[in-house]
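Work through the following exercises with the sequence and the model beside you. Try each task before you read its solution.

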Amino acid sequence: MTEKTKYNEDTVAVWKLPLADGIHEIEFEHGTATGKRVIRLDGKIVRRKDWMFRLVGDEVFDIDKIQCTIKVEPDGLFMYTYDLLVDGKSLEDFCEYISKNRSTWLITTDNGVENRIILDKATMDIFVNGTQVTDAMSEFIENGTETHFAVGEMLVTIRTEHSCDKKIGVVHSLFVNGVIVSEL
């Protein structure tokens, strides 16, 4: 947890969760004397329980269609551990899965608006700021495909091609108006 002064005194854990629409901050308050539990998503309360006799147990909530669980478990006398599960996986395992199965880029439009573009490598679905792109146009090229779509006034192309190296496999590159953008 960083910047303790930014959070409530009962805040016991803060996690950063990368999803298709951006990186979300999940804050968990646990009043160990009262059992109070508060979950904040990006600063907004999404779940609140003011008085509970059980100080341990799970708190389940959703972010869009993704189920999240905060596990509160005893860790000695009046001590607790807090773990975040995302779609049944630990946060670390979920992030590893995301990094293997998605490519992510950030681009900025001419008017300064930042856009997060995600390619789901398994389905080849494209998302811009969490919204699936449905009007993309694909074409075959030598060793792969190019998929074209617009973000504002910018022409965006995702090129998917075989690297000709078994260890590397398929490579996904994003171009904005013909200029390559580095993947995050």
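**Exercise 1. Into which classes do the residues lining the second largest pocket divide, and which helix gives the most to that lining?**

Step 1. The lining of the second largest pocket divides into 7 nonpolar, 2 polar and 3 charged residues, where Ala, Val, Leu, Ile, Met, Phe, Trp, Tyr, Cys and Pro count as nonpolar, Asp, Glu, Lys and Arg as charged, and the others, Gly among them, as polar.

Step 2. Before going on, note that this is a predicted model, in which local features need pLDDT of at least 70, side-chain atom pairs count only at pLDDT 80 or more, and totals for chains, interfaces and linings use all residues. Residues are numbered from 1 along each chain as its sequence is written, and side-chain values use heavy atoms, with hydrogens and water left out.

Step 3. Among the lining residues of the second largest pocket are Pro 18, Cys 95, Ile 98, Ser 99 and Glu 183; a pocket is an open set of points on a 1 Å grid over the protein atoms alone, where a 1.4 Å probe fits, with protein on both sides within 12 Å along at least five of seven lines, and lining residues have an atom within 4 Å of a point.

Step 4. Helix H1 gives the most to this lining, with 3 residues; helices (H or I, at least four residues) and strands (E, at least two) are DSSP runs, numbered from the N terminus.

**Exercise 2. Is Arg 37 buried or exposed, and which residues does its side chain contact?**

Step 1. Find Arg 37 in strand S3, which covers residues 37-41.

Step 2. Arg 37 is buried, because its relative accessible area is 2%, and buried means under 20%, exposed over 50% and partly exposed in between, with a 1.4 Å probe and protein chains only.

Step 3. The side chain of Arg 37 makes a polar contact with the side chain of Glu 59 at 3.0 Å, and a polar atom of the Arg 37 side chain lies 3.1 Å from the backbone oxygen of Leu 55. A polar contact is a pair of N or O atoms within 3.5 Å; within protein, one must be able to donate a hydrogen and the other to accept it, and residues adjacent in sequence count only if both atoms are side-chain atoms.

**Exercise 3. In what order do the 4 strands of the open sheet lie?**

Step 1. The order is S5-S6-S7-S8, with antiparallel pairing; two strands pair if DSSP finds at least two bridges between them.

Step 2. Strands S5 (57-63) and S8 (89-90) are the edge strands, each pairing on one side only.
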